[in-house]
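Hello,

Here is the structure I said I would pass on. My notes on it follow below.

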Amino acid sequence: MYAIECRNLTHYYGRKLVYENLSFNVEEGKILGLLGKNGTGKSTTINILNGFLQPYSGECLIYGENSQLLSPETKKRIGFLIEGHVQYSFMNIHQIERFYSGFYPDWNNAPYWELMSKLKVTPKQKISTMSCGQRSQVALGLILAQNPDLLILDDFSMGLDPGYRRLFIDYMREYAKAEHKTVFVTSHIIQDMERLIDDVMIMDYNKILAQQPVEQFMNTFRQFNITLESPGQEVLLDGIAVNIEKVKDKLEFYTYSTEQEVKAYLSAKGVGYTSFEEKKMSLEDAFIGLTRKY
Amino acid sequence: MFKSIAYKEWIKIRLVVWVALGLGLMALINIFLKVRHDILFVDAANYWYSFLFRGFTYFGILKFFPFVAGLAIAIAQYFPETVNKRIKLTFHLPVSENGVLISMHLFGALVLIGVLLTILGLFTAGSAIFFPGEIIRASLLTMMPWFLGGLATYFLVALILLEPMWIFRGLYTAVAAGFITIFLASAPIGSFRPVLLPLGLITLLLAGVVLFSGYRFRKGEM
Amino acid sequence: MIKFSRYLLVAVGILVASIVIPSLYWTIFEKVPRSPNTFFSCVTDDFVVVEGSSRKSPEGKEYTNEEYEKILPLMFYRQLIADGTMPDSLKGVKLEMPAISRASSFYRYTPKKIDTPVPSLWPMFESQSGKVNLVMPEDYFRIGKRMEFIVARTNRINEEKSVLFTDAMTAEGFAFPAGIVAGLPTTRKSCDEGYFVTDSNGSLFHIKMVKGQPYVARIETPEDFDIVYIEAVDIRSKEFYCYIFTANQGIYLLMDEVYDLQRLPVDGFNPAIHSMRVSADLFNKSIHVYGENWYEAIAVDDRYEVVGTHGDRWENLYERSEGKMFASIFPFEIRTKDDNSAHVRFYFLPSPGYRWVIVNLVALAIAFLMIRKRGWPVRSNIPDLVITGLTGIYGLIATQFFPNKFNKFKPPVKK
């Protein structure tokens, strides 16, 4: 059963193509990370999912409903964290809790107050005067109190210092797994992300580069560091090579193939080398390897 | 649900509402202190005369009050929604998107109408001390376009603020300025009477145009 | 609902554009129209036509400045006396200063006077106080279900006076409430003659206060005498009380004391659109009736017999070059104010002719091209095209200000 099904999404801004025929699903109970550099369409996807953007063609279904025409019942099941932890910052933490509680019959304020008790804010302090980290806790607490089945978190790590980011991630993972929640999260900061997500979807301009369980991706996507015999040797980006970064005689070779296959590929191309080793990658390394540095 | 929406809207606008009411009351106090003073000095009969036959209006300082109140309440209510596109949160609430916008708008409009009617009511009560029904009716008739204009201002400023694209905000502002000017045109006492019905009707219909901006936002204009 | 919102905004846009743009146009391009004027000479017993610096007889004979002053001695008597050329008598009448000034009067009627908010409270002066100066009364009256006097200082009704006047009116057969109330509510007049009031049956009454007592007189009028406007005047000759305009295009004078009605020899006067000027001197009255681009002057003697007529017409607004240009650009304009009314309304003024059709077609073509350029389907934009076709520039502006975003963007065609 899928919480989110997006089919053949195509969108343009003016005449600029964002992506074409993008399809993906998010299984219930899974945590999917949509990763991509800035401007690759992460926010576009989030906006389409939340009904703030009508795609040129294709559609997203959330619990079987078109995201453009979500019923209040379905919206009740979706928790939405806006990029930058935007909230009604003209309210204080009591007012905002009172406001939201009126919309959700199953409102459970215990986790909210638990989080708030850890914040060093005064009861009448407006959210607008809080730090980014504190605001993220308010936004998170509200979502937890709403107790939705699907959480859509748009670039939650933006503006958070490492401590808060780690806190957020660990809390979210534990909560999602314990309560069998589905999470759709986007980020352009990959650090720590492997602690959170089950599946990864990596987006580049106009296309999806990878979409698979994060473990599978980490196991099959490899980096080989190769020292070439002659620095002038050209290695073309084709066949099994997904990405090649070359600095003088040092070559970073990214591929989904095994060591044997790469060696066979190189000898077939007549590329001589003096050293050849596989490098262990973090998710961030793999992301950069896949999407290139520039 | 409406209670929660009203609660949020009230937090945004309450300061502006109290300030507007305070300013309106100060204007009324000023008006009637001056009327009392002038009647003592020039005699009531002459004071009536200047209203009936000279076109003198003793309530001129109220002319821009509804406009300012409508503008201020609309800004206080909708500007915070546009910062960081916060209106997304509102549209994400488990209520129909148009429903939530209509509720917000209805609440704001009702509060504005409440402020305006309070001032009008106190004005009428104060006038009744000094003037006969004819003068009060003519006064209210003269002020009616100003008060309708205040309401129209509220509706149009909401449209402008929620519009996602700056260029269109500018264009809407041009049209709104031209339209509001009609209400505030200087004209003799009571001369707006034939046009009040069409103006009132258009104003009433304008209550819904905020949905146009809301729709444009939801369809991803930017 | 949302689509309706957009069409409403487009309609408001058209309204604003059709008010603002023409007003800007006229401010820039409108030229002063011709405004010929005439005076009736008691010397030549004919009109003198004045336009700019030229003074002519109706036959075209030019007058010098001296001749001009000489043939209008009652107008320029002070100049003529200073020059020593003032005749002693004319037509066997001695020309004496007091008589000349007593006989001269001027009255002006404009359609604004019947289309204006009217006050419903009036001051009743004491018309025979025995004093030279009139005194502002302390109360004002209204005539509703009865006649009531409200004392301004206390803002309360003077019951005694109200009953007194109401009874006097009832005795004369006045049917409450009043229709038209006409008087001169000012102390700056030579004497007070009270008010001329129509009752709910349309009958005419004269009501004034004489030594604190009501004076009420029913004035006999012919049948079908449907009064639309009365204006009281204070002329020094005391020849008549007021001008009365009736629905059947008659203009009457209500003569002093006797309440006789004297019809002015003017036909086809429509008080809603025509203006009138009456200037009187010792021998004649000249009545000028003005339309939008014409006037008709009628001179009468002291028995209201016509002694001369003269008329002229000039190009109206849309016959002049700036008006022709306007009518070939804009299909119509809307004004909130009108020369013939003091009321604010939406005055819809269609441009005469159909020369604006070309500009409307150009606007339509532009609208069409913009729809194509944006890749919008033409079918769902037909209402916009119809609006632009009908309202021209205004519709083009309004539909672009509030664009039709209910259709999907069409992507560029792939190679």
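Helix α5 of chain C (residues 159–171) has 13 residues, and at 1.5 Å a residue it should span 18 Å; its end C-alpha atoms are 18 Å apart, so the two agree. The expected span is 1.5 Å times one less than the number of residues. Helices here are DSSP runs of H or I with at least four residues, strands are runs of E with at least two, and both are numbered from the N terminus. After α5(C) comes C:G173, whose phi is positive, near 90°.

Please note that this is a predicted model: local features need pLDDT of at least 70 and side-chain atom pairs count only at pLDDT 80 or more, while totals for chains, interfaces and linings use all residues. Residues are numbered from 1 along each chain as its sequence is written, and chains are lettered from A and ligands numbered from 1 in the order in which they are written.

Next, the domains. Chain C is divided into domain 1 (2–31 + 323–401), domain 2 (41–102) and domain 3 (108–280), with bounds from an automatic or database domain assignment. The centres of domain 1 and domain 3 of chain C, taken over C-alpha atoms, are 46 Å apart. In chain C, 4 residues of domain 1 are in contact with 7 residues of domain 3, where contact means that the C-beta atoms, placed from the backbone, lie within 7 Å.

Last, the contact between chains C and B. Chain C gives 34 residues to it and chain B gives 39. On the side of chain C, α1(C) gives the most, with 10 residues.

Regards

Technical notes: Contact = placed C-beta atoms within 7 Å.
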